[in-house]
Amino acid sequence: MIHTGLPDPSRKQGAMHIKDRRAFLQLLTAAGAGMLAPAMLRAQQGMEQFYDLPTFGNVSFMHITDLQSAWKPLYYREPAEQAALESANANPPSVTGDALLQYYNLMIGSAQAYAFSSVDYEASAADYGPLGGIAHLASLIDIVKRSRKQAWLLDGGNGNLQSSAPWAAADKAITLHDTLGINLALPTQATIRAAIRTAVPAAHASDTPPSDGGVSAAAADQVGHVSSIAHNVFGPAHDKPLFAPYKLQKQNGVVVAVIGQAAHNEGFAKDNCDTNAGPGAKTDVNRPAAIPLDEQGLQRIVNDVRKQGAQAVLLLSRAGVNADIQLAARVTGIDVILGGRSATPLPEPILVPNKKGKTAVTNAGAQGRFLAVLDLDIRKNGLVDFRYNLLPVVAGFVQADSRMEKRLSAAYATADHNLSEKIAVTQGMLYRRGTFNGTWDELLLQAMLQQSGAQIALYPGYRWGPTLLAGVAITREDMINQLALGDTHMCSGILSGSQIHELLENAAAALFNTDAYERSEQDMMRTAGLRYRINPEQAPDKRITDVMVGSQPLVADEQYKVATWGVSLPSESAQVKAAHGVTEGEATTQSSDLESKEAAPVSGAATEGEAKAEVQEMPASTPPAMLDVVESYLRQKKIIPVMTPYLPEIIRK
């Protein structure tokens with residue numbers, strides 16, 4: 001255990017925070033004359049210095065998570081704001097922007113400030129270029145292994161999102177992921193689904209999660225080359241886990257236990273425009289009963305591996321950073337939690353006290369932009385000290401691995417010409433991440449409104465999606481990377497005001513629930529065509545007030561035309577057919593399965609009179625693919641002006 005007597009490595013002393021970019025550049029000039037200590041310039045030097053980590057201790061691990069098939073270097077602006085419950089607002093993981101730089105004593109203009117914050121983002125992007133890229137990540141892994149030859153590489157899952165890489169060649173994309181040299185991983189969604197289907201008796205086959213439509217069976221099988229662990233994925237009898245719960249690893253004569261924890265509320269969702277859709281208790285949490293977050297079961301496993309001689313215990317977790325913090329306070333005996341899913345890179349560990357000591361909670365971000373290096377000093381009686389470094393993968397600082405580059409080129413060979421087609425140009429920066437709408441969200445929502453003619457457009461607050469800098473072309477690949485769900489559709493339908501309000505309340509509950517285990521690790525639902533006020537501190541179903549549609553208040557029993565994406569919704573054609581007596585099977589549209597995405601089911605059908613009116617205007621048809629919706633909008637606009645994202649008014653007690 002990490003005991004309270006140890007120094008707290010999450011707070012640095014004596015570092016310097018510089019708010020003024022010009023002052024920082026003056027310091028660089030002074031440094032050139034030998035006036036500054038080398039440590040102050042680490043972020044401004046090349047690969048050799050930036051990634052020169054002194055060795056420490058006797059056991060080392062590397063950690064990546066949520067690569068999301070982001071195989072090419074990319075830009076990703078971290079959130080400028082991250083609304084949270086007031087008690088957590090000034091601390092990680094909620095701290096953002098300049099407050100984050102001050103908290104971690106990072107210099108504005110440094111590579112770390114660029115990677116971890118939104119401060120001075122466009123200027124820093126021009127200085128440093130993109131982050132990540134699988135070939136650069138592979139090279140950095142090799143650099144770390146030179147001084148830590150026995151270090152294991154751990155993968156926190158969600159490596160194969162439907163970005164442009166699987167569209168280019170799914171099998172080759174997963175092969176790329178495997179060739180990073182991963183030693184141990186959490187199971188992918190495809191692997192979990194396959195395991196659950198295998199464990200379910202034929203009589204209960206209808207209760208199984210859907211197969212993974214985004215990845216071929218042959219490609220999914222390749223993940224089997226990497227050992228998977230998860231203590232909390234069970235079959236229908238709940239008698240034993242479907243994967244090995246943990247792995248005992250020996251390095252330099254020291255035994256370390258690595259326990260796996262799959263996401264407990266990351267649902268197996270579908271892209272539905274479904275006549276049977278109805279309002280769910282949770283907008284974007286569809287919890288599989290087979291994957292609980294089991295504190296007592298985890299505690300038993302920790303106690304068991306300690307009895308087997310584990311001198312240190314790591315938890316490879318996909319619960320999300322807030323859930324990891326809550327768990328660390330309740331389950332004892334875990335030294336370090338290596339977390340993912342939240343897309344919230346933590347520059348330094350958060351030390352969480354519990355009944356028997358402290359547990360360090362980490363999170364390695366997403367999209368291959370970071371490589372975490374954990375060095376442990378373990379003695380006979382357990383962990384004595386540790387060092388943790390979350391290294392930004394600055395593409396300009398590390399030379400791409402030539403073998404991985406060749407594999408990457410082969411994966412894109414047949415599709416690169418199509419992917420690189422220029423569709424439009426953006427005058428402003430397009431970004432995704434934040435509690436509320438980003439500028440990319442505004443673009444997608446406006447495209448949905450224009451295509452559907454709806455009053456309101458909405459979809460879940462997904463955290464993936466690269467940033468585009470101002471003045472660059474928007475390519476087909478950029479569109480695919482923002483949608484990242486495969487061939488999904490935009491649904492159009494009729495919802496009552498009360499159903500719309502319920503959707504907003506459920507999304508707020510999944511974001512601001514006082515029980516961190518109940519949070520979805522998504523941001524607030526993205527919306528266009530309506531305005532509202534939100535109070536994170538309020539009780540459930542009372543957080544959202546003063547909802548306006550255009551200039552009029554939202555009326556509970558009034559009907560509104562709504563366009564959605566990633567939210568289950570009766571399609572207009574299905575509603576029309578239902579009103580005219582069409583059978584359920586005829587009205588249901590074809591669905592495609594998604595990986596690591598939660599859909600929000602809602603209900604609502606127009607009255608017979610309203611449905612008849614719709615018949616004349618909208619004949620029954622297959623809902624349009626979101627890719628087509630966005631492409632049509634971009635081709636029409638050609639030039640996308642600077643977008644101003646909608647931000648609701650946040651009310652505090």
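Let's start with a helix pair: helix 14 (residues 439-452) and helix 20 (residues 626-637) pack with their axes 9 Å apart, at an angle of about 95°. Angles from 65 to 115 degrees count as roughly perpendicular, so helix 14 runs roughly perpendicular to helix 20. Keep in mind that this is a predicted model.

Who touches whom here? On the helix 14 side the contact is made by L443, L444, Q446, A447, M448, Q450 and Q451, and these meet M626, V629, V630, Y633, L634, Q636 and K637 of helix 20. Sorted by class, this contact of helix 14 with helix 20 comes out as nine nonpolar, four polar and one charged residues.

Four strands make up an open sheet with mixed pairing, and their order is 20-19-18-23. The edges belong to strand 20 (552-553) and strand 23 (649-650); each has a single partner strand, so one side of each is left without a neighbour in the sheet. Inside the sheet, strand 18 (residues 530-534) pairs with strand 19 (residues 544-549) in the antiparallel sense, over four bridges. Follow R531 across and you land on M548, its bridge partner in strand 19. Helix 16 (residues 497-512) packs on this sheet and touches both strand 18 and strand 19, its direction making about 135° with that of strand 19.

Now zoom out to the whole chain. It has 20 helices and 23 strands, and 61% of its 653 residues count as buried. Of the contacts with a separation of 6 or more, 79% come from residues 24 or more positions apart. As for the surface, the chain exposes about 24,700 Å², with carbon and sulfur atoms supplying 50% of it.

Key: Residues numbered from 1 in each chain as written. Predicted model: local features only at pLDDT ≥ 70, side-chain atom pairs only at ≥ 80, totals over all residues. Heavy atoms only, no water. Helix = DSSP H or I, 4+ residues; strand = E, 2+ residues; numbered from the N terminus. Buried < 20%, exposed > 50% of the residue type's maximum accessible area, 1.4 Å probe, protein only. Contact = heavy atoms within 4.5 Å. Areas by Shrake-Rupley, 256 points an atom, 1.4 Å probe, with all protein chains shown as cover. Pairing = 2+ DSSP bridges. Axes fitted to C-alpha atoms, helices over the stretch in contact; angles between N-to-C directions. Parallel < 35°, antiparallel > 145°, perpendicular 65-115°, else oblique. Nonpolar A, V, L, I, M, F, W, Y, C, P; charged D, E, K, R; others polar.
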